[in-house]
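Please keep the sequence and the 3D view at hand.

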Amino acid sequence: MLSKIPRHPIRARTAGLVSSLEALDVATGVSLARTKDHPANRALGSVGEVGSWQSLLALSVTVLACGTAVGDRRLAEAGRDMLAAGIAASIVKTTIKRTVHRTRPNVLMDEGRYARGRPGTGIGPWQSFPSGHAALSFAVARSVARAYPGLAAAAAIAAAGVAAIQVVRGAHFPVDVLAGAAIGVGAEAVSHRILRSKPDDAGHDPSVS
């Protein structure tokens, strides 16, 4: 007797591939976070908080205020762009977190529970995807790089470091931080284009300068 042919073979293969990639992501995340409770790792987690929205908001506002106070237009615009990119990235990552849920690695490791799907939730342990720290860090880093190309490498390394810390501390799986980084880069690109498309007070369009 012939076996029944799946009605949607492509969909079935895609689902299988997604499941395999997810399993690899989970296994990798758990492996990288195996020392999450070590004192040194906990201290590293505190360092990673520079990528929190509170820290980056304060940094962006400070840069904007300093640039405005000393009359440094480049610095002021950098602060404004950092703030705009950070807000855009925060909106996107929060929207996704409220749309889907995913268990954080530390919950899986400590409680043996893992789940993902819809709908999202406002409860932290189930908001692993995507990484907000990575999203905001990369958004701000890209803004810094645009304003000060000489700092591009340092900004990228700092953002990547913040993202990596989220994995080793068991707060996010690798895919979570990769998605967050993509969100950050995309949010900065969109916010930059919008800001630069507006003429300044003198009627000059900065995008053509």
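Helices α4 and α6 are roughly antiparallel to each other, because angles over 145 degrees count as roughly antiparallel and their axes cross at roughly 155°. The axes of α4 (residues 73-99) and α6 (residues 132-147) come within 8 Å. Helices here are DSSP runs of H or I with at least four residues, strands are E runs of at least two, and both are numbered from the N terminus. Axes are lines fitted to C-alpha atoms, for helices over the stretch in contact, and angles run from 0 to 180 degrees between N-to-C directions.

The model is predicted: local features need pLDDT of at least 70, and side-chain atom pairs count only at pLDDT 80 or more, whereas totals for chains, interfaces and linings use all residues. Residues are numbered from 1 along each chain as its sequence is written, and side-chain values use heavy atoms, with hydrogens and water left out.

The crossing of α4 and α6 is right-handed, a label for a near helix turned clockwise from the far one by less than a right angle. On the α4 side, the residues that meet α6 include Ala-78, Met-82, Ala-85 and Ala-89. Their partners in α6 include Ala-135, Leu-136, Ala-139 and Val-140, where contact means heavy atoms within 4.5 Å. The residues of this contact between α4 and α6 divide into ten nonpolar, four polar and four charged. In that count Ala, Val, Leu, Ile, Met, Phe, Trp, Tyr, Cys and Pro are nonpolar, Asp, Glu, Lys and Arg are charged, and the others, Gly among them, are polar.

Helix α6 also packs on α8 (residues 174-196), at an angle of about 40° and with the axes 7 Å apart. That makes α6 oblique to α8, oblique being the class left after under 35 degrees (roughly parallel), 65 to 115 (roughly perpendicular) and over 145 (roughly antiparallel). This crossing of α6 and α8 is right-handed. Among the residues in contact are Phe-138 and Arg-142 of α6, and Ile-183 and Glu-188 of α8. The contact of α6 with α8 comprises nine nonpolar, four polar and three charged residues.

Next come the pockets. A pocket is an open set of points on a 1 Å grid over the protein atoms alone, where a 1.4 Å probe fits, with protein on both sides within 12 Å along at least five of seven lines; lining residues have an atom within 4 Å of a point. The largest pocket has a volume of about 460 Å³, volume being the space filled by probe spheres set on the points, which are joined across faces, edges and corners. Of its 22 lining residues, Arg-104, His-133, Gln-166, Arg-169 and Ala-171 lie nearest the centre. The largest share of this lining, four residues, comes from α2. The lining of the largest pocket holds three nonpolar, twelve polar and seven charged residues.

The second largest pocket contains about 240 Å³ of space. Helix α1 gives the most to its lining, with four residues. The lining of the second largest pocket divides into five nonpolar, two polar and four charged residues, among them Phe-129.

Phe-129 also takes part in a cis peptide bond, to Pro-130, with omega about -10°. A cis bond also joins Arg-118 and Pro-119, with omega about -5°. Pro-119 is in the loop between β2 and α6, and Pro-130 lies in the loop between β2 and α6. Most peptide bonds are trans.
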